[in-house]
Amino acid sequence: MRFRITLIALTLCLLICGFTKPAYKLARLKYNGGGDWYGDRTALTNLIKFCNTNLHTNFDAEEETVDAGSAELFNYPYIFMTGHGNVVFSDLEVRNLRKYLTGGGFLHICDNYGLDQFIRPQMKKVFPELEFVELPLNHPVYHQKYEFPNGLPKVHEHDNKRAQGFGLIYKGRLVCFYDYQCDLGNGWEDYGTYAGDSQETRLKALKMGANLVQYALIQ
């Protein structure tokens with residue numbers, strides 16, 4: 001099913017019946033392999049707050065955690081994944097993730113530095129027919145509520161490489177966005193978490209995150 005259609009239908013039904021809009025939830029992906037899926041601890045809750053204030057969404061204030069192989073995955077229109085280390089998807093998780101993504105779901109992978117060598121082969125198991133491609137600067141993820149004509153903002157420096165936004169595109173639809181050499185999730189964390197980070201950089205990161213959420217909801 002398409003999440004957009006489901007969300008709109010539920011919202012209209014509840015409004016007609018006299019209820020307020022439902023509080024949807026965003027979730028963090030829990031995975032096996034030993035990597036720190038729980039990294040950027042304050043990131044997603046801060047993004048939720050930012051979206052509720054600036055996009056006028058009505059997300060639950062707290063994030064959820066969902067296993068890659070769980071049927072609960074289908075309850076969330078946007079899934080956030082981060083970490084530094086190893087990732088392993090079982091055959092069941094591969095099938096579940098593919099079903100979720102081809103059915104209208106959206107996965108945002110944030111390389112918190114060190115994830116790249118692990119996540120690429122695992123996502124290749126999910127979509128063996130696809131390759132990560134760098135998204136052009138005119139892609140809609142950079143032109144939602146907020147304009148990013150130069151692409152991803154740079155949050156943290158690691159290898160003197162530019163920030164890149166990659167995607168997996170299935171039948172013309174972006175199903176997975178991968179921010180690399182960017183640390184977007186770090187930028188969403190509580191101000192002061194990383195010494196030297198500016199409020200300006202944090203705001204740019206939150207705006208880009210809001211663009212990804214908006215894109216996930218309306219695509």
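The model is a predicted one, in which local features need pLDDT of at least 70 and side-chain atom pairs count only at pLDDT 80 or more, while totals for chains, interfaces and linings use all residues. Residues are numbered from 1 along each chain as its sequence is written, and side-chain values use heavy atoms, with hydrogens and water left out.

Leucine 174 belongs to strand S7; helices (H or I, at least four residues) and strands (E, at least two) are DSSP runs, numbered from the N terminus. The residue counts as buried because its relative accessibility is 1%, where buried means under 20% relative accessible area, exposed over 50%, and partly exposed in between (1.4 Å probe, protein chains only). The C-alpha atom of leucine 174 is separated by 9.8 Å from that of glycine 105, although the two residues are 69 apart along the chain. S7 as a whole is mostly covered, with eight of its eight residues buried.

The protein chain contains six helices and seven strands, which follow the pattern α-β-α-β-β-α-β-α-β-β-β-α-α along the sequence. Buried residues make up 51% of the 219 residues of the protein chain. Of the contacts between residues at least 6 apart in sequence, 74% join residues at least 24 apart. The chain exposes about 10200 Å², of which carbon and sulfur atoms supply 54%; accessible areas come from the Shrake-Rupley method with a 1.4 Å probe, and for residues only the protein chains shown count as cover.

Seven strands form an open sheet in the order S2-S1-S3-S4-S7-S6-S5, with mixed pairing. The edge strands are S2 (64-67) and S5, each of which pairs on one side only. Two strands are taken to pair if DSSP finds at least two bridges between them. Strands of a sheet pair through backbone hydrogen bonds, in either the parallel or the antiparallel sense.

On one side, S7 runs parallel to strand S4 (residues 107-111), and four bridges join the two. Within this pairing, cysteine 110 stands opposite aspartate 179, and histidine 108 has phenylalanine 177 as its bridge partner. The pairing of S7 with S6 is antiparallel and extends over seven bridges. S6 and S7 form a hairpin with two residues between them, and lysine 171 in the turn has a positive phi of about 50°.

Parallel pairing is also found around S1. Strand S1 (residues 27-30) is joined to S2 by four bridges, with lysine 30 and aspartate 67 as bridge partners. Two bridges join S1 to strand S3 (residues 79-83), again in parallel, and arginine 28 is partnered there by phenylalanine 80.

Positive phi values also occur in two loop residues. Asparagine 160, which is not a glycine, has a phi near 60° and lies in the loop between strand S5 (133-134) and strand S6 (164-170). Asparagine 160 is exposed, with a relative accessible area of 70%. Aspartate 183, also not a glycine, has a positive phi of about 65°; its loop lies between strand S7 (173-180) and helix H5 (184-188). Aspartate 183 is buried, at a relative accessible area of 1%.

A search of the whole structure finds two cavities of 30 Å³ or more. On a 1 Å grid over the protein atoms alone, a cavity is a set of points where a 1.4 Å probe fits but cannot get out, and its lining residues have an atom within 4 Å of a point. Grid points are joined across faces, edges and corners, and a volume is the space filled by probe spheres set on the points. The largest cavity holds about 80 Å³ of space. Its lining includes Asn186, Gly187, Tyr191, Tyr194, Asp197 and Arg202, and H5 and helix H6 (199-218) each supply at least two of the lining residues. The lining divides into two nonpolar, six polar and four charged residues; Ala, Val, Leu, Ile, Met, Phe, Trp, Tyr, Cys and Pro count as nonpolar, Asp, Glu, Lys and Arg as charged, and the others, Gly among them, as polar.

Conventions:
Contact means heavy atoms within 4.5 Å. On a 1 Å grid over the protein atoms alone, a cavity is a set of points where a 1.4 Å probe fits but cannot get out, and a pocket is an open set with protein on both sides within 12 Å along at least five of seven lines; lining residues have an atom within 4 Å of a point.
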